[in-house]
Amino acid sequence: MPTAHALAVLQSAGLVLSLTAEQGLKVVPASNITPPLRELIKAHRDDLVRCLEQEASNDPHSPICKDPPDWTALDRMYQAHHFNCPTCIAAGKGYGLRCGTGAALWADYSAAQPAAPTTPKSKGTDA
């Protein structure tokens, strides 16, 4: 998953990320950190710190923070979460709402536009 997307997922879950004085990562409120989000933070910790450092330096060319969302990656991430989360499975069937992580993934997944399908042009015959 691109770092920019990981950051967007964490922010859409209501989390605020900042750097500590020791260049560590601080994520608040702790009450919003679900186990899947905790794993996401662990997996991207170093890149998230670099991203926050670049934002703090006002670097307009910080590519690590500006990755465009990849629809297929968002699709895979949402599907992987959805099929392992009873709450999101129920929500997909119309019974209640998605969990916090699932809602954030679904929002990103829904907002991204899939690439337009390409269809080969048929070679018609003029008779």
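Why does Thr101 count as buried? Its relative accessibility is 6%, and buried means under 20%. This is a predicted model.

**Around Thr101**

Thr101 belongs to helix H5. Beyond its neighbours within four places in sequence, Thr101 contacts Thr34, Pro36, Leu37 and His81. One of these partners, Leu37, is also among the residues with the most contacts inside the largest nonpolar core.

**Helix H5**

H5 has 12 residues. From first C-alpha to last it reaches 17 Å, close to the 16 Å expected at 1.5 Å a residue. Its buried residues are Thr101, Gly102, Ala104, Leu105, Asp108 and Tyr109. They cover an arc of only 165° around the axis, so they sit on the same side of H5. The cover over these buried residues includes H1, H2, H3 and helix H4 (86–92).

**The nonpolar core**

The largest nonpolar core holds 22 residues. Val9, Leu10, Leu15, Leu17, Leu25, Val27 and Leu37 have the most contacts inside it.

**Leu25**

Leu25 is one of the core residues with the most contacts. Which residues does Leu25 touch, not counting those up to four places away in sequence? They are Leu17, Ser18, Thr20, Ile41, Arg45, Leu48, Val49 and Leu52. Leu17, too, is among the core residues with the most contacts.

Notes. Residues numbered from 1 in each chain as written. Predicted model: local features only at pLDDT ≥ 70, side-chain atom pairs only at ≥ 80, totals over all residues. Heavy atoms only, no water. Core = buried A, V, L, I, M, F, W, Y, C linked by side-chain atoms within 4.5 Å. Buried < 20%, exposed > 50% of the residue type's maximum accessible area, 1.4 Å probe, protein only. Contact = heavy atoms within 4.5 Å. Helix = DSSP H or I, 4+ residues; strand = E, 2+ residues; numbered from the N terminus. Expected span 1.5 Å × (residues − 1). Arc of directions from axis to C-beta.
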